[in-house]
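This report looks at how a few neighbouring elements of the chain are arranged. Please keep the sequence and the structure in view while reading.

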Amino acid sequence: MNLPTHNQTPSLLKISGESKLQGNVTISGAKNSALAIMAGTLLCSGQCRLRNIPSLVDINHMGDVLASVGPKLHREKDILDLDTQEITTSKPPYELVSRLRASFFVIGPLLARLGVARVPLPGGCAIGARPVDLHVRGLEAMGAKVRIEHGIVHADIPGYKNRLQGGEIYLDYPSVGATETILMAATLAEGETKIENAAREPEVVDLANFCNAMGANVQGAGTNTITISGVKSLHSVDYSIIPDRIEAGTFLVAGAITHSEISLSPVIPEHLIPVIAKLRAMGVKILMEEPNCLRVIPGSLQGTDIETLPYPGFPTDMQAQLMALLAISEGDSVITETVFENRLRHVAELKRMGADIRLKGQQAIIRGVSMLTGAPVVATDLRASAALVVAGLAAKGTTTIQGLHHLDRGYDNLEGKLRQLGANLERVTVDEADLPLPIM
C-alpha cells in the first residue's frame with residue numbers, strides 16, 4: 001500500500017523531559033475502526049473509498065492481508081481506495097495473518113461472500129489469551145461448519161444456497177472482535193440475526209454505519225442488542241472513519257502530566273466520557289471549546305481508583321497512560337485490570353522511572369511520588385509504549401524507550417505531533433543513542 005514506515009534499523013525514542021506543551025494537535029482516524037472496516041470492504045462486490053485512515057504499521061498489515069485474497073488497494077494520504085470486485089482466494093497466508101490479530105476479521109466477510117474461509121489463527125500484542133471461540137460459535141449459529149486444524153480455522157456453509165442463515169446469538173462476554181465478525185457475516189445472511197450482549201464500543205457503531213452506508217440493514221449498534229436483516233449484496237461506498245478516542249485520551253494525559261494547556265481536534269467527546277470523568281476526578285479540567293474540540297487545563301493532581309471494563313466503562317486501552325499520570329498524583333490509587341490478564345507489564349518499566357507501584361494479582365496499587373526520573377525502558381505492548389512516552393515527557397532527565405514497533409502499530413506520527421506541541425524527543429538508532437539498554 002506504500003504507507004510510510006520507519007526505518008527498520010533498531011531504534012530508540014529519546015525524550016528529554018519537563019518540556020511544556022502548547023498548541024493544537026490533530027487526532028487521526030481510529031485504528032480499531034479502520035481495521036474492522038477495511039475487512040468489511042470484502043463484503044462489497046465493487047469499490048470502496050475510506051477516508052481518515054491513519055498511517056500505521058497495523059494498517060499496512062491489514063492492507064497486505066486484503067491484497068493477498070484479491071482486492072486492489074491504493075493509498076493517497078489519508079484516503080484508501082479498495083477494489084473488492086474480485087476475491088481470488090479464501091485463504092490469506094499465515095505469515096501475514098500472524099502479524100496482526102485484527103486480520104482474523106476477514107473470516108466473516110470471506111465466509112459471507114464466498115461460502116468458504118480458511119483463516120489462520122491470528123497474532124498481535126501478547127496482552128492476553130483473547131480466544132476466537134466466541135467468533136466461531138457465532139458463525140456456527142448462522143449455519144456455518146467450523147473446525148480448527150493445524151492452526152487454521154476452516155469455515156464452510158453447507159447446502160446448495162451457499163448462504164449463511166440468520167440466527168440468535170448470545171455472547172458470553174461483550175467481545176468487540178466477536179461482535180464485529182458476526183455483524184459483518186450477518187449482513188449477507190438470509191433472514192434476521194440478533195446479537196445479544198453485544199459490544200457497545202464506538203468502533204462497533206462505526207462498522208455498523210459503514211455497512212449500512214453500503215446498503216446493509218443493521219439496527220441497535222451501540223446497545224447490547226444488535227439486529228441485522230440480511231441483504232443479497234452490498235454496493236460501493238465513500239466513508240470517513242471516526243477520530244481515534246484512544247489517541248485523543250493519550251494526548252489529554254500528555255497535557256495533564258506535563259501541566260500544559262493543549263487542545264485537540266477532531267474528537268467525539270461522547271466517546272471519551274469515562275476518560276474525561278477520571279481526569280476530572282483527578283483535578284484536571286477538560287473544556288469543550290467546540291463540538292469536536294477539547295482543551296485540557298491541568299490542575300493539582302489527586303489519586304483515584306480505576307477499574308477497566310467494556311464500553312461504556314473505562315477503556316483498558318487507556319489504563320497504562322492513566323497509571324503514568326497517577327504515579328505523580330498525590331495520594332494512593334488502585335487500578336484493577338479486568339479485560340486482559342497480562343496487561344500490567346508496564347508497571348516494572350514505570351518503577352524504573354521512580355514510580356511507587358505494587359502489584360497484587362490484577363491490581364496495581366500506586367502511591368504518588370513527587371516526580372519521575374528519566375531511565376532506559378522497554379515498551380511491552382502498544383498502550384504501554386504510549387504510557388512510557390507520556391511518563392518520559394514529565395520525567396526529570398532523559399528517557400530512552402525501545403520496543404518502538406509497538407508504538408508504530410497504533411499511533412500515527414506521535415513523535416511529530418508531540419514535537420509540534422513543543423516536546424523534546426527524537427528517534428535515534430541504537431548506535432547513535434550510545435546509552436545503556438535495559439535488560440529485556
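## How α5 and α6 pack

In this predicted model, helix α5 (residues 133-141) packs with helix α6 (residues 176-186) at an angle of about 25°, and their axes are 8 Å apart. Because angles under 35 degrees count as roughly parallel, α5 and α6 are described as roughly parallel to each other, and the crossing in which α5 passes α6 is right-handed.

From α5, the residues Leu134, His135, Gly138 and Leu139 take part, and they meet Gly177, Ala178, Thr181, Ile182 and Ala185 in α6. Sorted by class, this contact of α5 with α6 has 5 nonpolar and 4 polar residues, with no charged residues.

## Val132 and the listed positions

Val132 lies in the loop between β6 (116-120) and α5, and, at 9% relative accessibility, this residue counts as buried. Leaving aside residues up to four places away in sequence, Val132 touches Arg101, Phe104, Leu121 and Pro122.

An unreviewed UniProt entry lists Val132 under "binding site", together with Arg101, Arg130, Pro131, Asp133, Leu134, Asp317 and Val339.

## The enclosed helix α4

Helix α4 (residues 107-114) is largely enclosed by the rest of the structure, because 6 of its 8 residues are buried, namely Ile107, Gly108, Pro109, Leu110, Leu111 and Ala112. The cover over these buried residues of α4 includes α5 and α6, along with α1 (31-40), β6 and β8 (152-156). After α4 comes Gly115, which has a positive phi, near 85°.

Note on methods: Residues numbered from 1 in each chain as written. Predicted model: local features only at pLDDT ≥ 70, side-chain atom pairs only at ≥ 80, totals over all residues. Heavy atoms only, no water. Axes fitted to C-alpha atoms, helices over the stretch in contact; angles between N-to-C directions. Helix = DSSP H or I, 4+ residues; strand = E, 2+ residues; numbered from the N terminus. Parallel < 35°, antiparallel > 145°, perpendicular 65-115°, else oblique. Left-handed = near helix turned anticlockwise from the far one by under 90°. Contact = heavy atoms within 4.5 Å. Nonpolar A, V, L, I, M, F, W, Y, C, P; charged D, E, K, R; others polar. UniProt positions renumbered as here; feature names shortened; annotations may be inferred. Buried < 20%, exposed > 50% of the residue type's maximum accessible area, 1.4 Å probe, protein only.
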